[in-house]
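Subject: Structure handover

Hi,

Here is the structure I promised to pass on.

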Amino acid sequence: MAETLRLEGLTVRYGEHTAVADVSLGLEAGTIGCLLGPSGCGKTTALRAIAGFEPPSAGRVLLQGREVAGPAVHIPPEHRRVGMVFQDLALFPHLTVADNIAFGLAGGGPHRRERVEELLELVGLPGAGPRYPHHLSGGQQQRIAIARALAPEPAILLLDEPFSSLDVELREQLPRELRGILQAAGITTLLVTHDQMEAFAMADRVGVMSGGALCQWDTPYNLYHRPATPFVADFVGQGVRLPGTVLAQGKVETELGLLEGAVPADCPVGRQVDLLVRPDDIVIDPDGEGMALVEERVFRGADYLYTLRLPSGSRLLSLAPSHNACAVGSRVTVRPDLDHLVLFPREGGPSCPVEPGPAE
C-alpha cells in the first residue's frame, strides 16, 4: 500500500537545543499512527513540522510522495492538504456548527450544504448544524472539530493531544469512537499523546519518542510484548526488570528459576541481563507460604494488582482475579508464565534502536 506520510531524518533544532533528532518513519494510506511519549520528547514539534508550522533543520517530509519540506523546499501549510485539530479545538463560538464545518470549504450552494450534512452524519451528529459550540458536550465539540478538519478532504489528518481537555469517562470512550469515524472516512491520521491507552485505542502504528529520538515505530502489540529498548519497556505498560544471567543459549537464570526462550545475539553466555516481567507474566499461588511477600494490593474490579517482594529485595507486579484475595503481609508462591523472553544487556548497547520487530 502507498504511503501517505514519509519522514526521512527529520530534525528540528532551536539554537543549541535539538527538539526532534533524526526521525524516520512511514505511514501507509488509511492508517492511523501515533507519536507517544512524555512531555518535552519532541512529538508535538514533529507534528508541527509535518503541518508546516516548524521548518526542519535537516531531513525531509513527504506527503503522498511529494516533498513538502527539505533542504531546499518549504511548502506553506495551506498548500500541503493537511487537516489539523489543535488541543483547544479552536471552534468559532460565534458560528453555528454547520458554519464551523463549512469554514474551510470554497464556494457555496448545494455542494457545501451536502458536504456539511455528510460530515455531520459521519461523526454521529445529524441535525446538529444549527446549534452553537457552547450547546455541545466536550465529546460532541471534539467530533465537530474532526468534521471541520475533514471538510476540505485533506491527504492527512493531524491531531495534537486531542483528548487532553476531556473528563476521564470521555477519554476512555472517545478514542474508540473516533477510530471508527476515521476508518469510515478512510483518512490517514497521525496523533500525538502522552497517554498509552489513547494511543493503543486509536492507532495501528505507534512511535515511542524520548529526548527527540524515535525509539521504536511498531504495532501496539509489539511495543508491549517486544519493546526494543529499556525506555520503551518502562514507558509502555507496567512491569519490572529482573536481574538474570545467560547460562546457555536459550536459558537464563533468575531469582524465579531457570527460564527458557530465545536470547538476543547481544546477550551471549555469561552476560548479565535484565528480564522484562509484566504483571500478566506472574501467577500467584495463594495456598501455602512461599518466598514472595505481598507488599501492596490495589483493587481493579475484576483483578487485584499486587506488588510482591522477593527475598533479594527485587519487586514484581502480578494481576490476579479479585475473588481470591491475598492479604498484605502474607507470603505467597509465585510462578513465571512467560511465553517469550524480553532481555536487555545490563551494560552497553544502543539506547534507542528504531527497527521494528515482526508485526502481530
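Below is what I found, going from the whole chain down to single residues.

Before anything else, this is a predicted model, so local features need pLDDT of at least 70 and side-chain atom pairs count only at pLDDT 80 or more, while totals for chains, interfaces and linings use all residues. Residues are numbered from 1 along each chain as its sequence is written, and side-chain values use heavy atoms, with hydrogens and water left out.

**The chain as a whole**

The protein chain has 8 helices and 21 strands; these are DSSP runs numbered from the N terminus (helices are H or I, at least four residues; strands are E, at least two). Its C-alpha trace spans about 75 × 50 × 35 Å along the principal axes. Of the 360 residues, 47% are buried, where buried means under 20% relative accessible area, exposed means over 50%, and partly exposed is in between (1.4 Å probe, protein chains only). If you take contacts (heavy atoms within 4.5 Å) between residues at least 6 apart in sequence, 66% of them join residues at least 24 apart.

**Helix 1**

The buried ones are Lys43, Thr45, Ala46, Leu47, Ala49, Ile50 and Ala51.

**Helices 3, 4 and 5**

Helix 4 has a contact with helix 3 and another with helix 5. Two packed helices are described by the angle between their axes and the distance between the axes. The axes here are lines fitted to C-alpha atoms, for helices over the stretch in contact, and the angles run from 0 to 180 degrees between N-to-C directions.

Take helix 3 (residues 109-122) and helix 4 (residues 138-150) to begin with: their axes come within 10 Å and cross at roughly 135°. Helix 3 and helix 4 are therefore oblique to each other; for the cut-offs, under 35 degrees counts as roughly parallel, over 145 as roughly antiparallel, 65 to 115 as roughly perpendicular, and the rest as oblique. The crossing of helix 3 with helix 4 is right-handed, a crossing being right-handed if the near helix is turned clockwise from the far one by less than a right angle, and left-handed if anticlockwise. Helix 3 brings Arg115, Leu119, Leu120 and Leu122 to the contact, and helix 4 brings Ile144, Ala147 and Leu150. By class, that contact has 6 nonpolar, no polar and 1 charged residues. The classes are Ala, Val, Leu, Ile, Met, Phe, Trp, Tyr, Cys and Pro as nonpolar, Asp, Glu, Lys and Arg as charged, and the others, Gly among them, as polar.

The axes of helix 4 and helix 5 come within 11 Å and cross at roughly 25°, which makes helix 4 roughly parallel to helix 5. This crossing is right-handed too. From helix 4, Gly138, Gly139, Gln142, Arg143, Ile146 and Leu150 meet Leu170, Leu174, Glu177, Leu178, Ile181, Leu182 and Ala185 of helix 5. Here the classes come out as 8 nonpolar, 3 polar and 2 charged residues. Note that Leu150 is listed in both contacts of helix 4.

**Salt bridges**

A search of the whole structure turns up 12 salt bridges, each a side-chain nitrogen of Lys or Arg within 4 Å of a carboxyl oxygen of Asp or Glu. One of them pairs Arg179 with Asp204, with the closest N and O atoms 2.8 Å apart. Arg179 sits in helix 5 (residues 168-185) and Asp204 in the loop between helix 6 (196-202) and strand 10 (205-210), 25 residues apart. Arg179 is buried at 19% relative accessible area, whereas Asp204 is partly exposed at 28%.

Which residues are linked in a network of salt bridges? They are Asp234, Arg241, Asp274 and Arg346. Asp234 bridges to Arg241 at 2.6 Å between the closest N and O atoms, and Arg346 meets Asp274 at 3.1 Å, N to O. Asp274 lies in strand 15 (residues 272-277) and Arg346 in the segment after strand 21 (343-345), 72 residues apart. Asp274 is buried at 10% relative accessibility, while Arg346 is partly exposed at 42%.

Cheers
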